[in-house]
Amino acid sequence: MAISKDNVKSDFMELSGLDSTSAEVYAGLITVCADEMEKAVDQERMVAEGGTAICEFAAAAEVFYRFICLKAAEYKVMFTAHGNAVEAFDEENRIKAARELRDSGYMKICSLAPETV
């Protein structure tokens, strides 16, 4: 079974709130994360009941985590009412939440372990 990049993109769009056009900017990242997931997960887990969908969601969660990190890395400047420039880097909680979402996807994959193991 192969991971559908379209499904990964759709899940990523749902997580990020981006529309299809905006998400297209991250097509390369979607491909990389889907390919990494496909290589990392053994075939028995992939074909387990719901395995492919879980792997696709985990790949999307990885894309979302990397997306949040990229957004946090952008140089952000805000201006106060007095015209002073202030840097705003308050992305710590968003990164933490995205990391927890990504990690929960990986944990769900682990729960797909074949009973013969």
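Which are the buried residues of α1?

Modeller: Happy to! Keep in mind that this is a predicted model. In α1, the buried residues are V8, K9, F12 and S16. Around the helix axis they cover an arc of only 100°, so they sit on the same side of α1. Their packing partners are α2 (20-23), α3 (27-40) and α5 (51-73).

Now turn to the other side of α1, where D6 and E14 are exposed. E14 counts as exposed because its relative accessibility is 67%, and the cut-off for that word is over 50%. Although E14 and F64 are 50 residues apart in sequence, their C-alpha atoms are 9.8 Å apart in space.

Helix α1 has 12 residues (residues 5-16), and at 1.5 Å a residue they should span 16 Å; the end C-alpha atoms are 16 Å apart, so the two values agree. After α1 comes G17, with a positive phi near 80°.

V8 and F12 are among the residues with the most contacts inside the largest nonpolar core, which has 27 residues. At least two residues of this core come from each of α1, α3, α5 and α6 (92-110), and α5 gives the most, with 11 residues. M37 is another of the residues with the most contacts in that core. Leaving aside residues up to four places away in sequence, M37 touches I3, C55, A58, A59, Y106 and I109.

Key. Residues numbered from 1 in each chain as written. Predicted model: local features only at pLDDT ≥ 70, side-chain atom pairs only at ≥ 80, totals over all residues. Heavy atoms only, no water. Helix = DSSP H or I, 4+ residues; strand = E, 2+ residues; numbered from the N terminus. Expected span 1.5 Å × (residues − 1). Buried < 20%, exposed > 50% of the residue type's maximum accessible area, 1.4 Å probe, protein only. Arc of directions from axis to C-beta. Contact = heavy atoms within 4.5 Å. Core = buried A, V, L, I, M, F, W, Y, C linked by side-chain atoms within 4.5 Å.
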